[in-house]
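Let us walk through this structure, from the whole chain down to single residues.

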Amino acid sequence: MNKKEFAGNILKFSIPSIISALIALCVLPILTRLYPEAEYGYISNFYSFGNLLMGVFLLGLDSAYIRFFNEPMEDSNRNGMFLYATKVGIITSAIAISVMFVFFREKASVYLFNDTSGVGLVILYAYVVFLILYRMLNINNRFSGKVTAYNMQQVFFIIGNRLLFVIAAIFSTNYIPSIMVMLIFTVLVVVVSTAFQRREFTNSCISKFRKLEMLKFALPIMPTTIIVFLNNSIAKLILGGYGLRDDVGVLAIATSAANVFSIIPTAFNVYWGAFMYKNYTREKKLILEVHDFVIVLSIFLVIGIFLFQDVIYLLLGENYRGSQLYFMLIMLSPIFLFLSETTVYGIALSKKTKYFLITAILGCLFNIMFCRILIPDNGSLGAAVGVAISSSVTFISRTIIAQRFYRSITNYIRTAVSCILLTVICSSNIFLYNSLLVRIIVSALIIVVIICIYHDLINDATVKVKSLFYNKFGGN
C-alpha cells in the first residue's frame, strides 16, 4: 500500500470523528451556560457508566471479535463470532442488571445520580443493552470496510448522544430528560442498523475451539475495561467523596475540552486497528514510518492547543473557566492514547492480553495514590495531576512490554525525548496559561528541537509537498 492510499483510507473513516469534534466545540458553550455543574456531572456519569457496563457485559468478546475478524476457521465464520459475542453480552447484561436492580437499586441510584427513585438506573440499564448491540454492529461495518455505512451509523449516534440531548434543557435542566433523549436516539440507530445488517444474524457457525480461543483472549480484557474506567473516574469519585460535586462537573467539562484533541486518535484508530491486524507482517516499513509521523503530528497539534487555548475557554461559561490551568494535564491522556496506537499493538498481536490488565492496574494505583494525596488541598487541580501521572505510567509500561513482541519504533531515544517534550508542554501550562508571550517562546524552542531530531522525516515531507505543488501548478 502506498502512503497516498493509506492516508486516503484514514480520511475516509475520519468523518465521524471530525463531526464529533465540531459538535463538542458547538455544544460546550451551551452546556456550560444551561446546565448547573452538578446536573452535568450526572449526565456525564450516565454516559461513562453506560459505556463501562457495555464493555464489562461483553466480557471483552468485542475485542476478541476484532482480533479474529480476519482469521476465520473452517468451522467458524464471522457471523458465528459476531452472534456469539452479541448473545453473551445480552445474556450477561440481563442477569447482572436483574441482580443489581433487586439488591442494589437504591445505593446505586444515590451513588450515580444522588436520587433514590431509581428512574435514572432504569434508563441506564436499557441504554446499556442497546449499546452492546450498537458496538457489535459498529465493529462489523468498520472491519468490513463499509465506509459509508460506518460513517452514517457513527454520525447519527454522535448527534443523538452529544448534541440532541441538549434539546431537553429547553424544558428542564434536570438530568432525566437529557439521558432519556440519549436512550431514544441510541435505540433508533440500533433498529435502523439492524435492518441494514440483518444478514449478519444468519448462516452462522462457530466451533467450541474458537469460542474458547475468543474467551481466552477476551477474559483479561474485561477486568481491564473496569480498571480503565475506574482510572478515568477515580478523580471524579474522590472529588464527590469529599463533597466537591461542583468540581466534578467542572472537571468533566475540562475533560471534554481536552478531548477535542481525541478527534485525531479516534479518527486514526478506526482505520489503523483494522490495518494493523491485517498487515502487521507485510507493511513493517510503513508501520515504523507512521509512528514517527504520529509523534511529530502530536507535538505540533499540542503546541497549537497550547497557544490558542484562550479561544477554547472563551466558549465556556464563567463557572467552568477555572479549569484552564490544568486542562492540558488532562489532555495527556488522549495524547498518549494516540501515541499508543503505534507502540502497543505487540501485546494484542502476541495474544498476551494479560499485560493490558497488569499495566491498567499499575496506572490505576498511581492515580489513586496521587488523587488521595493532592485532592484534599488542591481540589480538581490535584485530580488532573493524578490523571496525567496515571496516563503516563500506563503508556510507558505498555510500550516497553509491547516492543518486546513487535517492534514499531525506529529510534527509541528520539521517541523518549519527544514524549518528554509533550509532557513538558502540558505540565508547564499550570504556570503559563495566562501568559501568551511565554507560551510562544516555549513553543518556538520545542519546535526547533523537533526539527533537529526529526529532520529526515520533515525534509522528506517537504520534498514531497514541493513535488506535489510543482506537478499541480508548475508543470506543463
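Predicted model: local features only at pLDDT ≥ 70, side-chain atom pairs only at ≥ 80, totals over all residues.

Residues are numbered from 1 along each chain as its sequence is written, and side-chain values use heavy atoms, with hydrogens and water left out.

Start with the fold. The chain has 22 helices and zero strands. These are DSSP runs, numbered from the N terminus: helices are H or I with at least four residues, strands are E with at least two. Of the 476 residues, 51% count as buried. Buried means under 20% relative accessible area, exposed over 50%, and partly exposed in between (1.4 Å probe, protein chains only). The chain exposes about 21600 Å², and carbon and sulfur atoms supply 68% of it. That area comes from the Shrake-Rupley method with a 1.4 Å probe. Take the contacts (heavy atoms within 4.5 Å). Among those with a separation of 6 or more, 83% join residues 24 or more positions apart.

Now the rings. A search of the whole structure finds nine aromatic pairs. Rings of Phe, Tyr and Trp (its six-membered ring) pair if their centres lie within 6.5 Å; planes under 30 degrees apart count as stacked, over 60 as edge-to-face, and the rest as tilted. Tyr 65 and Phe 82 form a tilted pair, 6.2 Å centre to centre with 55° between the planes. Tyr 65 sits in helix 4 (residues 61–67) and Phe 82 in helix 5 (residues 78–103), 17 residues apart. Tyr 65 counts as buried because its relative accessible area is 0%. Phe 82 is buried too, at 1%. Phe 68 and Phe 217 pair edge-to-face, at 5.9 Å and 70°. This pair joins the loop between helix 4 and helix 5 to helix 10 (residues 208–218), across 149 residues. Tyr 65, Phe 69, Phe 82 and Phe 201 form one aromatic cluster.

Next, helix 20. The 21 residues of helix 20 (residues 412–432) should span 30 Å at 1.5 Å a residue, and its end C-alpha atoms are 30 Å apart, which agrees. The expected span is 1.5 Å times one less than the number of residues. Asn 411 caps the N-terminal end: a side-chain oxygen lies 3.0 Å from the backbone nitrogen of Ile 413. The buried residues of helix 20 include Arg 414, Cys 419 and Cys 426.

Finally, the cysteines. How many disulfides are there? The count is zero, taking a disulfide as a pair of cysteine sulfur atoms within 2.5 Å. Cys 426 is buried, at 0%, whereas Cys 205 is partly exposed, at 33%.

Note on methods: Polar contact = N/O pair within 3.5 Å; in protein donor to acceptor, adjacent residues only side chain to side chain.
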